[in-house]
Amino acid sequence: MSEEILKVEDLKTYFDVTKGLLSKKQIVKAVDGVSFTIYKNETFGLVGESGCGKSTLGRTIVKIYDPTGGKIEYKQKDITKIKGAELKQFRKSVQMIFQDPYASLNSRMTVGEIIREPMEIHHIYDTSEERDNRVRELLNIVGLKADHIRRYPHEFSGGQRQRIGIARTLALNPDFIVCDEPISALDVSIQAQVINLLEKIQKEMGISYLFIAHDLSMVKHISDRIGVMYLGNLVEVGPSDDVYHNPLHPYTKALLSAVPVPDPKLAKSKKRIVLEGELPSPINPPSGCRFRTRCPNATERCAKERPGMVQVGQRQVACFLYEK
Amino acid sequence: MKNILEIRNLQTEFSTEQGAVQAVRGVSITLGEKEVLGIVGESGSGKSQTMFSVMGLLSANGKITSGEILLNGEDISPLAFTSEKEYEKRMEKLRGNDMAMIFQDPMTFLNPVLRIDTQLMEPILNHTNLSKEEARKQAIELMRKVGIPSPESRMKQYPHQFSGGMRQRIIIAMALACNPQVIIADEPTTALDVTIQAQVLDLISNLKHEINSSIIMITHDLGVVASICDRIAIMYGGKIVEVGTDEDIFYDPKHPYTIGLLSCVHNPEEESKELKPIPGSPPDLLDPPKGCPFVDRCEKAMKICKEQMPSVSVFSNTHECSCWLHHEMALKGGDVK
């Protein structure tokens, strides 16, 4: 593998949700001890159900949230506690694409203003003409027309808005982009357009992605490696084909078997592992392994100890079943 | 197979400030006994509005401009009634009793200030002569049927005490309450997580064998349709462009839009291939194209496609498609006019 671009070690992000002055302290452990590495030019897919902490993890990495503990290294440099000018420099290199193309664009700004703004903040180019030229170039790259520059977001469809969002992230020539469910608000035929665009950009500009999604089939399509999250923990990490065709962790197995396949014969004969119950609350997560309350293979030990990551081939899995 | 529901040439319009939006433009489809019919389309294709027209649930600015909706042979479209009042009276009898609907968002469908038992017993009390006690018993039975543990105590709780998946089960229980002939499910699993979606899909396919209802499943998710439907209709731009059994649609798609749609989704069981997106975006139904609605995005479009809506080509007694490519003239190798 090539060089590391991002390294996360034992990252924790907690939120204090205590209500009232005298009540018992309540902490949501949204991300609770996650470690992984993303390499240059790689797409790392992060999957999990709602509430598992995948978006919080993405936001902590771009430093929208401050981590409660652990370490984030970007290009071999510790960025966990950077501030001021250093943080601004970091943000120039790391960008984010948001889920909802209707909420993430300011409806009072023209497309040109939206895409130009990051360049103004970071003082890229000297004149507004140069910036406008760059905006036109970016619109071209993402498949919009240069004369769209004076239009407002409401004049565009969801897929086109997502393209505007992508053009804005590219304005600063980032090396790393966190894509937080970039396609889940889009129609099927438009999703493929956006995925292909993201792949094209990656190929041409050598950008690394952290691709967060709950749609496993799309994640498998775009990612080189996949991490599976459950209740604030990473339970399995590995090359996407391996994880998909031979899942190891009981949660990954259940999650994958639940994905509806677009093929009637396969879908109707497919045996689904239906998980009992619901996701436990992250305020009061189960002791030991977080998944044990719904796991078909749970033993007494799972309640007492928290499983560490075990290396199985190219894969890491947090489950006692694979300990030697 | 007996037809429970038959829609003939249904047209629905919405008046807006910009003009009339023709959301449903001549839809004809039948629903057989104990059949699960999937209606697939993207947002704005008219799939939900077709079914809202059937249920009489269109918003105030929407109206059916022509067509027939036959439920067991009785025309229940508002056009068949002499007055609005009479139509509403009839629909009130039918809704919940003969036809029920499951909505997309389980978070907003239930009334947050009423207990579950009140909400679940309401359709039973309204449509049958059962006493309150009997209705309660039936409601408990329903909750058990949809897999809610300890229904007696959970009956007394409020919606916010249930998770999304559990709420969707309650909504399904409400739909089943009076053994309706037709259940219309509008994206019932879209708001749910994959593992919860699997639970609900399993529930629906198990119920399929237990109850006598026919189900219409509105969705944009081809995976969901493949796992549950017997027959599938593909909608685009307010029209049905292709109808067939699940195997017709998935293994032998005929319409370029269906083919395009299938190549946009990644089948995770197969090796990664390059996704082939459909270029462009759906037509504006304020001013719908005169010919085929898909013409601007179709790579095989011919001159005639712009000018005239294609007629229906029949491939088998289950499989039909509206596309000029399958017109006999085109099949002979000549360009259709």
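Between which two helices of chain A does the loop that holds His123(A) lie? His123(A) lies in the loop between helix H3 (111–121) and helix H4 (128–141) of chain A, where helices (H or I, at least four residues) and strands (E, at least two) are DSSP runs, numbered from the N terminus. This is a predicted model, in which local features need pLDDT of at least 70 and side-chain atom pairs count only at pLDDT 80 or more, while totals for chains, interfaces and linings use all residues. Residues are numbered from 1 along each chain as its sequence is written, and chains are lettered from A and ligands numbered from 1 in the order in which they are written.

His123(A) has a phi near 55 degrees, a positive value in a residue other than glycine, and His123(A) is exposed, with 7 other C-beta atoms within 10 Å. A residue counts as buried if 20 or more other C-beta atoms lie within 10 Å of its own, as exposed if 12 or fewer do, and as partly exposed in between, with C-beta atoms placed from the backbone. Lys75(A), which is not a glycine, also has a positive phi, of about 50 degrees; Lys75(A) is found in the loop between strand S4 (69–74) and strand S5 (77–78) of chain A, and Lys75(A) is partly exposed, with 16 other C-beta atoms within 10 Å.

Turning to the two chains together, 36 residues of chain B are in contact with 36 residues of chain A, contact meaning that the C-beta atoms of two residues, placed from the backbone, lie within 7 Å. On the side of chain B that touches chain A, two or more residues each come from helix H8 (194–210), helix H9 (222–228), helix H10 (246–251) and helix H11 (256–264) of chain B, and H8(B) gives the largest share, six residues. The buried residues of H11(B), among them Tyr257(B) and Leu261(B), pack against helix H6 (188–205) of chain A together with H9, strand S9 (231–236), strand S10 (239–245) and H10 of chain B.

Chain B also holds an open sheet of four strands in the order S2-S1-S4-S5, with antiparallel pairing; two strands pair if DSSP finds at least two bridges between them. Its edge strands are strand S2 (19–32) and strand S5 (74–75) of chain B, each of which pairs on one side only. Strand S4 (residues 62–71) of chain B is joined to S5(B) by two bridges, and these strands run antiparallel, with Leu70(B) opposite Asp75(B) in S5(B).
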